[in-house]
Amino acid sequence: MRTNTNFNHIDIINHLPFAIILIDTNECIINVNQLGDHLLSELHPSITGQPIHRFLDTSYVTTVLQSRQSLTKVTYLNKTNKKMLVHYIPFLDEQKKLIGVLLMMQPYDQFYHKVITHTDYSLYQEVLKVLATHSQQAIRFLFPNQEEWFVNDQWHHFIHMQKASDELCATIVKNIDQSMQYRREKKSYFTVKRHGKKAIYIINAKPVFIKGRLIGFVQTMEQKLENTQNNELEIARQVIRHLEKNYQLDDMIGQSLELNVVKEQAKLYKNLTEPIFIEGEIGTGKFMLAKAMHSEGVRRIYPFYHLNVKEVPLNSLESVLFGHKTDSGLLHKVKNGTLYVEEINFLSKETQEKLFDFIQGENEKSFNIQFIFSSATPVTNKHLTDKFQDLINRYKLKIPPLRERKSDLKMIAFHKLKCLNIRYHLAIENIDEEVMRRFTDYDWPKNIAELEWILEQAVKGIGMNVRILTLDHFPHFQQVNKHTQTIFKPKTLQQAMDYFERNYLLEILKKNNYHKTKSAKELGISIRNLYYKMDKFHIDRGSKS
Amino acid sequence: MAIFQGEQNLFEMELPLAEDENYLDLMEQETVRVKAILNQIQLIGLNLTSLDAVCGRGGLLKPISGGTYKITKAMLHDLYKGENGMHVSNLGAIIAFRIASNLNIPSFIVDPVVVDEMQPVAKMTGLPNIQRKSIFHALNQKSVAREIAKQLNKSYENTSMVVAHMGGGVTVGAHYLGKVIDVNNGFDGDGPFSLERAGTIPNNELIELCFMNSFTKEEIQNKITFFGGLKAYTEANKVDDVLELLDRNKEEVAPIINALAYQIAKEIGAMGTVLMGKVDAVVLTGDLAKIPLLNEKIMERIHWIADVYVIPGENVMLALAKGTLRAMKGKEQIKNY
């Protein structure tokens, strides 16, 4: 069945969804269809015979006449500024002679709408937006003229909420400039100090190319507190190690030759089976060194025991060590581990003898215990047998007193300060020079323990806003002369209470010959509480002071 | 053959030889071709006397600098004799001269393949008695370079760019202030492979090949000039074939296109160093630039050098017309061979 198909060509052209414009070789309009007439008549009353450049912002008719090749371009209409998608097609006669150009024009919005409807374009756009918005990094996209096209919330926050400094802004611009110059990804760094913390901004510009042309840059910015964070983390770790008494060699602060020699020796000795002897005054860190050698050596997975000879009644020492009836004794518990024996000057000759035999015999065969002996006072023939002295003196570590390594004083003080900052939520940055001078003049008879105690007393109860410790915070240092002992004058009520508490504890401990159970009973507190208080006030467990 | 009115391409048509004419000697083709052109002009109803000038493609002449040259007796002599080699393009100037002299109008050639503006340092090789020659698609390279300079709002004489002509042969030129100071000699097998040329082959392997199977000199030359490159891998003769193959058998063809892109990108990078990194634009042109995959793969590697412009195909006719117009209008000095 055939229907009437007598279509009029002009009708067909008029019904096309494009404006059709025919142009001659003089670049003048010969004819337009209905839609073309509609679009162009807005711009100029007469259309036919008019040069095309009257209507189009940029015309590519010349190019097409030169090359006889089709082109597609986006162009604006004059006056109305309507954006158009224009196809230019060379128009040939029957002999293939070029007689003009055919323009097919379509409003850009229409075209764009089709693209959005029929392609994945909007999907990509949406996904990109989501990615940029939900990124942790600050992100923006700029055109090559550095005009911003897209800025995510994080970027906005960095620049506007945090009021980025001029220097930071300059770095951001320079970063783009460099990336543009080299057409490659560029990283820039910008460091600021804020509230005593170091923050590093890592700024990155990456050029974006489409079909080989630079169309813009993706710039990202990240703030890193990396260094400070690492530092703080390390100090926090040290504080925890301190609380757990789980020391490492790094916890022995200082760079003096004397200390480094000890540390190096300790590294060499840590895996020995022969006994080691640590010599050092009160508060120099003998326990710390012993524990550190254990923690860093091969025995770290086995137990570590601390035995203070002075704390154990003389007659029960042997049974504590070697066992008694049902109790298998400390040595069995320590097997393969480390036994730290403090104050060996107080060992009885009999126990020395028995220990000597054990170390030379059974220990080597099956127990494999690392013995670390220590004494705060020099060992002499009066206390120890020659045999025992020979045994322990083979591997000897001598921790120098603080007065012999004053170059480390500042470092230790600052390290302690950082720990105290964390513990008491403070922000102390410095110690006044005068204080440091007096510290240096002072002899520190109780060594690091005393320094720590004094610093802790100084920072207790001071304000969050204090940045520098001055002589005012060290009342007992105000009138100190060389070689004189500290005369502690408490200032605040808390200090006075602490002062009294410490002295009272010391008094009771002294009275009971440092027997902790007895002392705790007398004080009416638990033994745990007593240990806690002794640590708090830096009372050496074997100290006589 | 094309007829231009000003810069407008009024008519253009390929006039291939008939089958029985293919056997004619290069110089014997002259008469046949001239006749075909004149016939066609009469066929479209154009009055021959309305012609102002005739322009032909320059052939293998002595090395000369770029520009528009008047066709002279000396030039014709070299082309007839094939002083610098025999090539179809030698006929261009000869035909142009024949048509023009009958009409008593001037005839020209523009930027022949032998344009030599190479700096001396570029000519040296590792063998003192062998020098690199400047033989390349000067006409199209210079024409697109001028076009891009215009787009950049600069004059050709004031820009530096790398132009890669990718066609039957691939030549990549370093254009510096209006001169091509270095270019690979694609004609003689220097540089990337191409549609049908083998490009640079490792010396030893090439020497081995020459003495194998007792090839004659011509056989070897033929092999590496007309049966190498994409043709050797895919048996595609034309760009359209390559595009069709890519459509049909992408897995097999894409790696070859990728290798070609790699070699061309390398050459573009090399020219970037010739220009000391100061490059205003990189242009990809020639028939192979119609292969989007090839363009993409090249751009991936070189977009960091400069913005890349793609002008696919080769508008030889427009280039000749423009060169002639520049000369006729006195915008450019007419050069003598």
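Predicted model: local features only at pLDDT ≥ 70, side-chain atom pairs only at ≥ 80, totals over all residues.
Residues are numbered from 1 along each chain as its sequence is written, while chains are lettered from A in the order in which they are written. Local features need pLDDT of at least 70, side-chain atom pairs count only at pLDDT 80 or more, totals for chains, interfaces and linings use all residues, and side-chain values use heavy atoms, with hydrogens and water left out.

**Stop 1: the interface**

Select the contact residues (heavy atoms within 4.5 Å). Chain A gives 17 residues and chain B gives 20 residues. Together the chains bury about 1800 Å², 47% of it on carbon and sulfur atoms. Buried area here is the accessible area (1.4 Å probe) that two parts lose on being put together, summed over both.

Now pick A:Gln66, A:Arg183 and A:Arg213. They supply 33% of the area that chain A buries against chain B, more than any other three residues.

Stay on A:Arg183. It forms a salt bridge with B:Asp307, and the closest N and O atoms are 2.9 Å apart. The rule asks for a side-chain nitrogen of Lys or Arg within 4 Å of a carboxyl oxygen of Asp or Glu. It finds 1 salt bridge across this interface.

**Stop 2: the parallel sheet**

Move to the open sheet of 5 strands in chain A, order 12-13-14-11-15, with parallel pairing. Two strands pair if DSSP finds at least two bridges between them. Strand 12 (304-308) and strand 15 (396-398) stand at the edges with a single partner strand each, so one side of each is left without a neighbour in the sheet.

Zoom in on strands 12 and 13 (338-342) of chain A: 5 bridges join them. A:Asn308 has A:Glu342 as its bridge partner.

**Stop 3: the antiparallel sheet**

Select the open sheet of chain A with order 2-1-5-4-3; its 5 strands pair antiparallel. Strand 2 (29-32) and strand 3 (71-76) are its edge strands.

Next, show strand 4 (83-92) and strand 5 (98-107) of chain A, joined by 9 bridges. A:Met84 is partnered by A:Pro107.

Finish on helix 4 (108-118) of chain A. It lies across strand 3, strand 4 and strand 5, at about 65 degrees to strand 5. Axes are lines fitted to C-alpha atoms, for helices over the stretch in contact, and angles run from 0 to 180 degrees between N-to-C directions.

Definitions and conventions: Helix = DSSP H or I, 4+ residues; strand = E, 2+ residues; numbered from the N terminus.
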